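Hi everyone, thanks for coming. Today I'd like to walk you through one interface, so let's get the model up on the screen.

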Amino acid sequence: MPERNLLAEFKAGNIRGLARAISLVEQRDPSVRHLLEGLANGARRPRVLGFTGAPGTGKSTLVDALVSNLRESELRVAVLAVDPNSPYSGGAILGDRIRMQRHALDPGVYIRSMGARGHLGGLSVATREAVRLLGAFGFDEVILETVGVGQSELEVAAIADTTLVVLTPGLGDGVQMIKAGIMEIADVFVVNKADLPGAQKTMQEIRSMLSMGPKLSWRAPIVGASAIKGEGVDEVLAAVERHRAHLEASGEAAERAEARLKDEAADLVAEWARAQARRLLDQDEAVAGRLRRDRIPYAAAEEILTRAGGRLVPEAART
Amino acid sequence: MKVRYAKETFAEWQRQFEAAPKRSDGVSATTVSGAEIEPLYTSASPADGPEELPGEFPYTRGIHAAGYRGRLWTMRQFAGFATAAETNRRYNYLLENGQTGLSVAFDMPTLMGQDSDAPTSRGEIGHCGVAIDSLDDMETLFRGIPLAQVSTSMTINSPAAVLLCMYLAVAEKQGASMKQLNGTLQNDILKEFIAQKEFIFPPEPSMRLVVDSIEYCAKEVPRWNTVSISGYHIREAGSTAAQELAFTLADGFAYVDACLERGLKIDDFAPRLAYFFDAHIDFFEEIAKFRAARRIWARHLRDRYGAQDERSLKLRFHTQTAGVSLTAQQPELNVARTAIEALSAVLGGTQSLHTNAMDEVLGLPTDKSARIALRTQQMLAFESGVANTVDPLGGSYFVEALTDRMEAEAEAYFERIDAYGGVIPAIEAGFMQKEIADAAFRHQQELETRQRLIVGVNEFTAGNEEDEIEILRIPPRLEQEQVERVREVRRRRDQARAAKAVTELRKAAASPSENLMPYILDAVRAYCTEGEIMGAMVDVFGLYTEKAVI
Amino acid sequence: MSEVAAAGAQVEEPARPVRIVLAKVGLDGHDRGVKVVARALRDAGFEIIYTGLRQTPQMVVEAALQEDAQVIGLSLHSGAHMTLFPAVVEELRRRRAEDIVVFGGGIVPEDDIVELKKQGVAEIFTPGAPLQSIIDWLRNRFPAR
């Protein structure tokens with residue numbers, strides 16, 4: 001698809017326009033600014049659900065079931081399956097679509113697999129812009145799914161309105177989660193495979209861990225589900241709705257939205273500044289020479305910022 | 001009697017070995033599965049102990065005291081293509097040429113439990129086997145073949161119960177008694193989840209159907225082999241020999257456990273569980289695998305499950321030469337490969353054997369290539385002399401050592417599977433799938449780096465351009481004819497009876513204590529199609545989607 | 001721009017990786033080949049989206065569009081390639097996405113390969129094809145920018 005058609009394709013509601021725009025975001029192409037500012041609803045934000053949990057907890061199956069429920073309410077749903085592992089030479093195998101087969105041909109559902117390849121500073125900047133694009137394209141709900149194995153779930157929680165942590169009985173997840181500090185990011189706990197022995201015990205463990213934590217205005221509910229049997233999915237969504245209502249009522253929704261925008265702006269500044277710094281360091285003999293002489297970076301960094309001045313914005317993003 | 005080498009003699013050999021020039025071609029001297037091979041095996045290598053004898057526990061040397069001196073293996077060529085009428089003609093051709101048992105290959109829509117007129121059957125009908133939609137097709141398939149007198153093997157899994165019922169219904173129409181029927185149903189759903197991936201229902205209801213058929217046959221069709229527990233597909237998916245052995249036997253034990261849980265008695269069903277292995281190109285490793293399989297099964301059945309009947313302890317198996325070892329390059333060479341593999345099966349003591357046709361890597365076998373494949377077995381049986389003595393390799397230092405190692409490797413895998421809580425949890429966690437994918441990838445890399453050579457593929461390729469080989473093609477009109485046939489069957493039948501049978505089956509499926517076999521048999525007799533019968537069960541059981549293990 | 005600057009720019013803007021949808025079309029479940037290929041392509045730096053078993057041509061094309069893939073790789077061992085491979089190409093045409101390259105793997109006789117190429121399938125790899133030949137072919141079609 002020729003790049004010049006991107007805006008037209010996107011506006012016409014062609015899925016390829018959206019898909020390509022997300023690729024540009026993944027590549028950190030600064031020209032995405034023009035696309036988003038050129039759209040009437042470029043600032044429309046979808047509701048964002050974050051899903052995280054250890055491998056094998058059945059996240060994808062749960063997401064699949066949730067998508068079905070949301071579709072019954074005729075909401076347009078996008079799933080971003082984020083794989084934080086990018087081993088070997090930048091390649092990746094992304095296999096999360098498999099569990100969402102039955103939505104494969106539903107035009108109201110968009111599924112996109114994202115690798116972590118090449119994302120400086122993690123996934124958050126690219127993911128945030130992808131969410132923005134999905135909102136502008138007309139999706140009502142965006143589900144961010146990531147395996148909870150490191151940094152990525154914290155980034156997901158920072159972007160999502162409601163973060164669901166998925167656990168299963170008997171895997172000792174509870175303990176792992178506390179160690180990883182993941183308890184703090186949960187707005188809703190889902191104990192999936194709740195028909196397995198040990199489900200009650202797992203729920204009890206979470207409950208007692210929560211009771212040891214600080215008193216918060218929102219107390220994360222614990223919902224049992226069996227995604228594969230389609231059981232408990234309504235309850236999960238009901239818990240999400242309650243959390244959303246709480247965010248609105250408490251004013252936290254507005255606070256979070258503002259904080260997110262500030263993060264986004266700060267991240268953009270950092271990204272743009274970094275790009276210009278690189279350029280000067282590689283191309284400007286004066287800066288490079290100073291660094292060689294000093295052998296300590298502070299003065300060079302100051303010089304870069306002073307010299308770049310108002311020219312920090314990358315050319316492709318300038319208006 | 002074992003000859004023992006004096007220490008000095010062995011040391012002298014070792015000196016000479018080390019002094020001798022070594023090959024510098026970089027080709028690995030490990031088995032195809034990667035096991036290290038000693039340059040020499042002596043009487044010190046195999047475990048010392050009383051000499052084993054054929055026909056005696058633990059049957060390492062064979063389940064019959066007389067081996068092939070008593071009875072040759074059954075030459076059973078797997079065949080099926082296009083329509084029931086076409087395949088019926090091929091069966092008659094093979095029987096006329098001296099084949100001694102039938103083996104039915106079904107096409108993909110049949111294997112996946114759907115009718116020929118389903119949208120996703122397009123382009124698949126009759127390609128990998130014969131298309132069977134209803135009892136009507138099954139009647140055509142066995143026209144003129146007295147089922148009371150032949151033995152028939154049917155390679156089908158998810159819908160196995162349905163196809164077995166069709167077979168029983170044909171026999172019924174021929175006037176044969178169920179008690180007379182001889183044959184084997186593959187019916188091995190576990191290896192589908194592990195390797196071949198032709199699953200339909202989730203594991204739990206799938207196992208219920210397997211146990212239903214075992215229970216039913218134990219009573220009604222006592223000479224029928226109810227499950228052919230298969231390593232073949234596990235191996236073809238890229239496993240090592242030890243993985244094939246371990247995962248297959250673990251599956252076997254899982255079926256035993258499921259039957260015991262149902263309340264069946266071990267000696268009432270275990271004698272009718274059979275095995276099906278791959279014969280790959282690594283000659284000695286394969287022989288060791290077959291011998292170890294018998295030993296492991298006998299030991300577990302006796303010591304773990306308390307089987308009393310000797311027939312429960314005796315592992316009987318069918319073998320097929322390795323489809324994956326065939327090359328598209330210089331396909332005539334496949335005749336030689338298949339002969340070597342078939343020989344390993346015979347020396348391993350197989351009960352029946354399928355030899356691949358040389359052109360199977362290119363498409364369906366022609367009459368000529370199918371005949372050459374059968375003739376290869378006949379050469380082994382009647383020309384080569386290998387059937388002349390029982391277990392000719394028993395006591396071979398090398399073979400005995402490999403057999404011991406196979407057994408140990410399998411036992412180690414059993415422990416790892418147990419740690420998951422059994423075969424089904426291990427499948428759901430993707431354990432076996434991952435082991436197999438790793439082995440397949442490793443093997444492919446060894447080929448790329450030429451640590452392993454395959455003639456005509458990564459070495460000795462001169463002559464590859466000359467390939468001109470006739471390929472059997474399925475005329476597109478057969479597909480349309482089959483579609484019309486199934487629609488005609490649906491039009492012609494007693495609609496009320498068919499609808500009632502499906503409703504009854506659906507109701508029974510929802511009640512876990514019902515054995516579904518009689519309900520399926522009724523539906524088959526009423527000319528319900530395979531797709532309708534499977535569909536009724538899907539309504540209750542649901543469909544399974546696997547998690548990707550790459 | 002100097003070479004140094006070009007290298008610098010690359011750090012900030014990673015080149016678009018080649019995204020490949022790998023799919024099993026048709027009813028057979030033989031996934032040994034497709035899995036081995038998936039791993040090899042990943043190790044060679046490609047981004048693989050594996051869609052799993054029993055995909056219809058519509059599902060494969062939809063996945064490629066949603067994932068912004070430049071390439072579709074089809075694996076099939078059931079003999080239905082003459083029906084299903086062209087059906088994928090046709091579906092791409094219908095969705096105005098002919099620029100997406102389609103290749104296939106499986107047991108495909110020589111005559112069929114010729115016919116499939118005529119119908120718009122870019123390449124077919126048969127059993128025994130070295131993994132490196134697939135990697136080389138892809139790198140040739142998509143030289144690094």
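Ala92(A) sits opposite Glu47(C), a residue of S2(C). That pair belongs to a strand pairing: strand S3 of chain A, residues 92–94, runs parallel to S2(C), and 3 bridges join them. Strands count as paired here if DSSP finds at least two bridges between them; helices (H or I, at least four residues) and strands (E, at least two) are DSSP runs, numbered from the N terminus.

Before going on, a word on what you're looking at. This is a predicted model, where local features need pLDDT of at least 70 and side-chain atom pairs count only at pLDDT 80 or more, while totals for chains, interfaces and linings use all residues. Residues are numbered from 1 along each chain as its sequence is written, chains are lettered from A and ligands numbered from 1 in the order in which they are written, and side-chain values use heavy atoms, with hydrogens and water left out.

Now the whole contact (heavy atoms within 4.5 Å). Chain C brings 38 residues to it and chain A brings 39. Together they bury about 3300 Å², 51% of it on carbon and sulfur atoms; buried area is the accessible area, with a 1.4 Å probe, that two parts lose on being put together, summed over both.

How many salt bridges cross the interface of chain C and chain A? There are 5, counting a side-chain nitrogen of Lys or Arg within 4 Å of a carboxyl oxygen of Asp or Glu. Take Arg16(A) and Asp99(C), a salt bridge whose closest N and O atoms are 2.9 Å apart.

On chain C's side, H1 (3–12), H2 (32–43), S2 (47–50) and H3 (57–66) each supply at least two of the residues touching chain A. H3(C) gives the most, with 6 residues.
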